[in-house]
Each structure stands twice: as C-alpha cells, then as structure tokens.
Amino acid sequence: MIQLEHVSKVYSGTHKAVDDCSFFVEDGKITGFIGPNGAGKTTTIKMIMGILEASEGKILLDGEDIRRNAIEAKKKIGFVSDNPDSFLRLKGLEYLNFMADIYDVPGEGRAEKIRSMAERFEMTDALGDRILSYSHGMRQKIMVMGALLHDPSLWILDEPLTGLDPRAAFELKEMMKEHAASGRTVLFSTHVLEVAEKLCDKVVIINRGHIVYQGTLERLREDYPEGTSLEEIFLAVTEHA
Amino acid sequence: MRKYLLLTRKLFKSGLGGFGGSNKKKKFRMGNTLLMLFLFVCLLPLLGVLFRLGGDAYRTMAVIGQEGLVLSMAFFASSVLSLILGFPMLISVFYLTGDIERLMYLPVRPWQIVGAKFTISLIFTYLTSFYFLLPLLAGYGVAAGAGIGFWILAVAALFLLPVIPLVYCGILSMVIMRVFKRAKNKDFITVVSVILSLCLAFALSSLGNLNLEGGALQELLLKGGNSLMGLMNGIFPALRFLEEAVAEGNLLSLLLFLAITAVFVVVFILIAERLYFAGAMGMRETKAGRKRITAEESRRLSRRKSAGGACFRKEVRLLVRSPIYFMNCVMLVFLWPLFILIPVAIQIFQNRDVSIGELLKLVSMEGTGGTALTLFVVLCISLGAGMFNYVAGTAISREGKNLYFMKVIPVPMKVQLRAKLLTAVSFGVAGTTLYCMIFLVASVILFGLPVWTLPFALVGSVCANVIQCAIQLFVDLFHPKLSWESEQQAVKQNFTVILGMLLDLAVGAGLGILVFLLYDLLALPLPVYAGIVCLALAAAALLLYKLALAYGAKRIADYE
C-alpha cells in the first residue's frame, strides 16, 4: 500500500512541482499514474522512491515513512526506471546477483529463482553476456528481473513497456497482474492510455502538480457522453484542471 | 567544409564526445568561476618556474651562441607531451565516445567527422601545450629582449606545434582500430595499445632527456650529431624549421613548417577517409557469446555477499571494464614504476661503462640514514602516486544521471560511500604499497634492510593512500560533474579532478616535508619516530575517512 498525504515539492524555493498531492494505492490492484509531460509524475515517483525529499507532507510505504525509516521502506519496493542503460559493463547474471545482495535475497534458492525468471523472459542464454551487448528490450527485461528478485510488496515502474517486444510486453503485463493478484501493489506511470485502460484497476491523473482524478476508468467514463474516447476524456480532464 | 565546420562547432559546444547533447546555455555559476580561479592560482607557481627556466636556459646557451637549441628542446618536449597526452585522448574521442553512432548515420564524410573530432582534441591539447610552452617562450623572449617579430612567430609556433604529434596519434589510433576490428574484446585492445603507446612515448622522452645545466649541454653540443638531435629530426623532422623561424625571425622557415604541417594533415585526412568508418563501425557493440551459463558459474555468482561487498565488486568491475575509466582513473597508479624504470634502463644502456653491481654496492641500507631514507621514500611514493589515483576523485561524478540509484537502494549511504572509498584505496595500495613491499622485502634479503621497517612501511603506506583518497572523495562530493553524455566527459573534462589532484599534491608535499623536518628536529630513535609517524598518519586517515562518509551521506541527500 502506498499512501501520500498532502505532499508538495518546491524547487528552488519558488517553483511548486507538486502541490498538496494526496492519493492512495491499494494492495491487490494495479494503479496507473497518468499525466501530460511536466505534470509532476516523475517528481512524485522520485519522492515515493526516496530520491527526492518532499517539501511538505508524508509518504507511507506499507506503513513505513520513507523519510523516517528510509532503508526499511526501500526494501519493500521493486523499482523499474524508464532508463535501462545502467551497469552496462556488468554481465546480466552479475547484475542480478548484485541486486540480490543489495536487497538481502538469501543465497539458497537464488540461482533457481534467477533461472526461472530468465526462462520466462527468454533471457537464459544472455545472462553470461555484458548488458552492453543487449538490445533496449533486453536491458529493460534484465532491469525488471532485478527489481523482482526480492519479491517486493510494492512494485513501481516508470514507463515500463517502452521498447519491449510484444511477447516481453505481454509477459510483463501478466507479471504485473500476478503481482497484484497475490495481494501486492503495482504502481506504474505511462503515457499510453490504451495500456492503462486494459491493465489498470485504478488510475491517478496528475496535471500541473495537482491530482485531478483518482478512481476507476469506468467511474471516470460515467461523467462523459457515451462514445467519448479515453483520449478525449484525458484531454478534457487535464485541460479543465 | 561547411559540414566540417558545423560538426566542429557542435562538438565544441557540447564537449568531447558529447554530440547530440543538450544545447542549453549554461548558467553562470559563482562556484564554477571561483573553482577555475582557484585552479589558476594553484597553477601559477609552476608557470613562474617555467618562465625562469626559459630565461636561464637562454642566458646559458647564448654564451656559446647556441640559444636556438633551447627552442628546439622546448619544441621537442612540448611535442612529446602532446604525443603522451594525445594518444589516449584521440583513441577515446575517435572510438569510445557515445556520439559515434549518432554521427555515423549523418550524411557526412568520414574526414568531416574525424576532422571535427581532431580539431576539438587539438583545442583541448592547446590547454596543456600553452601551459607548458608559453611561459618557457616568454622567459626566453624576455631574456633575449626579443622584438615584435619574435612574439608573433612564437604565437604562430604555439598554435602549429601540437598538430603533427596529434596527427601521429590519430593515424596510429585509426590503424590499431582497423587492424583489431574483429577482436572480441576491443576494450582490452584499446587499453593495451594505450599502455604500449605511453611506454613508447616515455621511452622517446627519456632518450631525449637533457640536463639543462650549461656544462652538460655545452659538452653535448661539442660532441656534435648527438642522439637528441638525431631523435628530434627523426621523429619531428620539421621542428628545425620552426626553431629557425622563431629564433632567427625567418618567415620562410615558418612557411616551410606550415607547408609540412599541411602535408601531414592532408595525409591524415586521406587515411581517415579510408580507415575511420571501417574501425568505428560497431565499435560500441560488444560481442555477445549467448552461451548458457554453467551451473557451477551460476552457483559461484549466486553466493550471498554483504551489500557493502556487492557495491565494492560492482565498482571494481565497472572501473576495470570501462576503458575510459580504467585509462584515466586507474592505469597510471600501476604504470608509474615503468615511467621511472624506462628512463633508468635507457640511461644505463646509453652509459655502458656504468656497472649495475657497482651502483648497488653504493646502496647501503644497514645504516640508520639509509633505513630512514627508505621509509621516507615509501611514504613519498604512497603520497605521490595518490595523485594519479582518480578512483575516489571521480567516484560520484562517474555515477552521472544514475546517481538516483544510490538513493533508491536500501543500503545506507555510508556503506555505499565506504565501498567507493575502499575501491580507491585498494587500487592505490595495489599500485603503491604492494610495489613498495616487494622492493622492501627484496632489500631486507639483499641489502640487509632491518625487518622492523616492514610493518611501519605497510601501515604508513596504507594510511597515506587512505588520506589521499579521502581528500579526493571530499572534493568530488563537494562539486561532482553529474551531467555528462559520455564517460570521457565525466573523468577528463572534470576540473574537480584537477582540484583534487592539486590538494593531494599540497597535502602530500606538506606531510612529506613535515615528516622530514621533524625527524631532524626531534632526534628520536628511528623505530620510535616511525611509530609516531604511523600513529599520526593512522589518526589523520581515520578522521578524514569518518568525515568523508558523514559529509558524503548528507551531501548526496541534498542532490536533487
């Protein structure tokens, strides 16, 4: 469960990137975090991750305050960044074991876990190669594997489907559904409304630093005439905010 | 030509290897300006020394009417300096920067890309060659009471001189990359070729090593046809025209030098047209074996390690496997003995009448003086070689845009910083303490150096490394370069590294002088004094280590 209470972020003492933002990401559900460019999505995710400190408000991750008890809170998260070009000179397997050590994954059963994830993502034959030799999609897959090794209760993904081939995208979506179905939390940001529509149980829409809507897409559709596309609804919501 | 100019302008704006990066105007920052000013002030004393050297050399040589030789030697030394610095730079700029793939699909000819990259590298080379040559020429000119003609031609020489050495570096790098195009591990080939070229350049500079004292020079001149002249004419055949031009105000000689330089550039461009794309294509790719990992390897890698140990391993792997990081941050720490041994070997080879056995007999380490000197040399090496260890000095800058990762993972910042510091100290210890201990153990066996010196040397050397690395980490934490497009920019175009090096130099020299002076002043028995020095160094190392971690944790939390 992720809980934001009256969170704001002010840059350089004047520019308010996120303003009095409160929302609740429930367990057992996939929540999409949507907003136009510059709306405050990345800033909010960075605050949830502990990369940025909120100027005001409180962020709780499964009840742990990210500011007061950062290490315990971070252990609960599996994070997939939008930029998979990290640790390029490490071999895939070295990277996964590095992540496993960082997140205290026991040595026992670790190799089997990596093997089964690699098979699922069709990465078995690539684990011995450096990440530098991977395609964009493979880099994205290895980052997803690294984020899930420690069975996080909260899975946060920033634009996760970019660059994935249809099969890997399908697998990732299935994994997100399984994660939520097992009672854990999934929060992901996206620009692709169709993905949000198909995948999300709930959406949080942010615009100009304010949360302009949170709830199901069905509930949002009820406020608009039948036949209105999701794109039109999104534009209307963000324009009138 | 228009495209070449466009590319050059774009590369100049974004720095070496930053093509395609942000074009945003940089904001004026007081901190940056003060940092540059501070660096300039730090470098002033050496400018003064070079200025005096130019004047003194002129006065000495003018007595025998050979003042032109001062210019020849200065030009030769500057050319060798450009060779030494130029090869690692050109091989990185031509083949290892991230912009290559973005440039190769543009409708431009290979020479236009290479030409633009060469021009930018030349501009960066001017920074060092001007710093070295300008005060020497100024000292020479002032001592000679030179007229306006000299100054104009000297300025022309400053601009023309580094071109031919860089052409050599450029051609060599293109040939190597073309020959080893199909090599499986190009990173390894790159590093090895840079090491070999550095050894070659140092050997050249050692062959041309001259004592600037008048007597030796005069003797050398009287011999006629000496090795230096032969070497200079052999490698840089056009240098004598430049010397004639500046020393005698001979415009024709300058035009001749200009023409020869132009020929070199044309040859370089022609070679670039044929070789560059062939070597650069697929340079950024590494061969993927796609070989299934064995169960044994998987089990070995899957053994659980502490978070700090995992961070340490990751740091070491990334440093050793990234050629730019390895060449700029690590390599020199290990290579410094070569740069001492090569000149010594060449001198011994040149003076065949010197017997190594006789030389070794002169070294007596049994007396207190010899032992004290040995320990002092170990300390100086450990403090001095720290200046070439840029692992801690770039520890934060190397993270670049991925710095967020340090904040995301559930590992206390102090643990992560400790891993970074430990990595730097490990490389430093391997490059200094290890060498020194091998030398000392050999000295104990061969020359009777007391055994009790070994633990003192070990502790002193390790502490000296911790002190130097902690200082560099402090500086990088204070002013890291986090916004970069290529690894080259993170470590080479990072003035903070120079600041860290200068601080290391100041602290190293200060500590060395203090230890030396106190030995005479306190007149304590050597083992007692060595013990006190080790304790003081250990206390300083511990204090700096604790402060660096505490400051770092707070500082990184503040980065947004």
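A residue is taken as buried if 20 or more other C-beta atoms lie within 10 Å of its own, with C-beta atoms placed from the backbone. By this criterion, buried residues account for 41% of the 560 residues of chain B in the predicted model. The secondary structure of chain B comprises 24 helices and zero strands. Among the contacts in chain B with a separation of 6 or more, 87% join residues 24 or more positions apart.

Chain A is divided into two parts: domain 1 consists of residues 2-76 + 152-239, and domain 2 consists of residues 85-151. The centres of domain 1 of chain A and domain 2 of chain A, taken over C-alpha atoms, are separated by 25 Å. Nine residues from domain 1 of chain A and 12 residues from domain 2 of chain A take part in the contact between these domains. On the side of domain 1 of chain A that touches domain 2 of chain A, helix H6 (residues 166-181) of chain A supplies the largest share, namely three residues. The composition of this side of domain 1 of chain A, by class, is five nonpolar, one polar and three charged residues.

Chain A also contains an open sheet, in which four strands are arranged in the order E2-E1-E4-E5 (chain A) with antiparallel pairing. Strand E2 (15-25) and strand E5 (64-65) of chain A are the edge strands, each of which pairs on one side only. In general, strands of a sheet pair through backbone hydrogen bonds, in either a parallel or an antiparallel sense. For strand E4 (residues 56-61) of chain A and E5(A), the antiparallel pairing extends over two bridges. Within E5(A), Asp65(A) is the residue that stands opposite Leu60(A).

Between the two chains, 31 residues of chain A are in contact with 33 residues of chain B. On the side of chain A that touches chain B, the elements giving two or more residues are helix H2 (70-75), helix H3 (92-102) and helix H4 (110-120) of chain A. The largest share of this side of chain A comes from H3(A), with six residues. By class, the side of chain A that touches chain B has 15 nonpolar, seven polar and nine charged residues.

Conventions:
Residues numbered from 1 in each chain as written. Chains lettered and ligands numbered in written order. Predicted model: local features only at pLDDT ≥ 70, side-chain atom pairs only at ≥ 80, totals over all residues. Domains from an automatic or database assignment. Contact = placed C-beta atoms within 7 Å. Nonpolar A, V, L, I, M, F, W, Y, C, P; charged D, E, K, R; others polar. Buried ≥ 20, exposed ≤ 12 C-beta atoms within 10 Å, placed from the backbone. Pairing = 2+ DSSP bridges.
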